[in-house]
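Work through the exercises below with the sequence and the 3D view at hand. Try each task before reading its solution.

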Amino acid sequence: MNWDTVKLQLWNMTDSEMPIESICYPISPGDVLIPSPRNFDSLIDLCQKFHGEVSVVTSSEQHSKLTSTYKDSAASCTNPYDGYWVGWWDRPSEGRFVDVNSMSPLAPGGYQPWFLGEPNGREQENCAISWTETISNWNDARCDLEYCGFCHLEHAPVFILRGTP
Ligand SMILES: [Ca+2]
Ligand SMILES: [Ca+2]
């Protein structure tokens with residue numbers, strides 16, 4: 001059969017226009033959870049592909065919000081470890097945690113709720129995560145471990161397929 005010339009006829013069908021929102025919907029801009037674990041470099045790459053950047057936690061309000069979003073989606077994150085990337089690292093300069101996007105250090109009095117004794121990983125652990133289960137404090141973890149993370153998107157070119165009614 002030559003599919004270029006074939007004619008198909010559909011019976012008992014009606015066509016109708018439907019609003020795109022009924023089929024899929026855009027994710028709101030802001031801190032968008034990437035619900036699959038990946039290492040920190042891979043999260044940076046992915047956020048850039050979405051024309052955004054890694055979300056950097058800078059306040060307790062934002063921290064609570066992201067933690068609850070993460071917990072709501074923890075099943076789809078299937079993290080091998082508890083926690084999510086919070087956007088601070090000391091890879092460029094050991095012991096000096098900076099915002100991964102701007103490379104700015106934490107302002108005096110800024111929000112960075114390390115767990116007691118953390119950060120403790122010296123050159124081995126350079127990327128900060130927030131735990132979420134029994135405590136929500138931060139830990140410096142190895143950057144090559146896989147955690148879920150968030151991208152900060154001004155525009156959200158990500159759609160969730162909703163299925164047709
Ligand atoms: Ca370190
Ligand atoms: Ca640590």
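This is a predicted model: local features need pLDDT of at least 70, side-chain atom pairs count only at pLDDT 80 or more; totals for chains, interfaces and linings use all residues.

**Exercise 1.** State how many helices and strands the chain has, and in what pattern they follow one another.

Solution. Step one: the count gives three helices and nine strands. Step two: reading along the sequence gives β-β-α-β-α-α-β-β-β-β-β-β. Step three: of the contacts with a separation of 6 or more, 71% join residues 24 or more positions apart.

**Exercise 2.** Find which members of the largest nonpolar core touch the most other members, and which elements supply two or more residues to this core.

Solution. Step one: the core has 31 residues, and those touching the most other members are Val 54, Tyr 84, Trp 85, Val 86, Ala 128 and Ile 129. Step two: two or more residues come from each of β2 (30–38), α1 (40–49), α2 (60–72), β4 (84–89), β6 (127–130), β7 (138–141) and β8 (147–153). Step three: take Val 86 and leave out residues up to four places away in sequence; Val 86 then touches Val 57, Ala 128, Ile 129, Ser 130 and Trp 138.

**Exercise 3.** Decide whether Cys 77 is buried or exposed, and list what Cys 77 touches.

Solution. Step one: locate Cys 77 in helix α3 (residues 74–77). Step two: a residue is buried if 20 or more other C-beta atoms lie within 10 Å of its own. Step three: Cys 77 has 21 C-beta neighbours inside 10 Å, so Cys 77 counts as buried. Step four: leaving out residues up to four places away in sequence, Cys 77 touches Pro 35, Ser 36, Pro 37, Tyr 70 and Cys 148.

Terms used
Residues are numbered from 1 along each chain as its sequence is written. Chains are lettered from A and ligands numbered from 1 in the order in which they are written. A nonpolar core is a set of buried Ala, Val, Leu, Ile, Met, Phe, Trp, Tyr and Cys residues joined through C-beta atoms within 7 Å. A residue is buried if 20 or more other C-beta atoms lie within 10 Å of its own, exposed if 12 or fewer, and partly exposed in between; C-beta atoms are placed from the backbone. Helices (H or I, at least four residues) and strands (E, at least two) are DSSP runs, numbered from the N terminus. Two residues are in contact if their C-beta atoms, placed from the backbone, lie within 7 Å.
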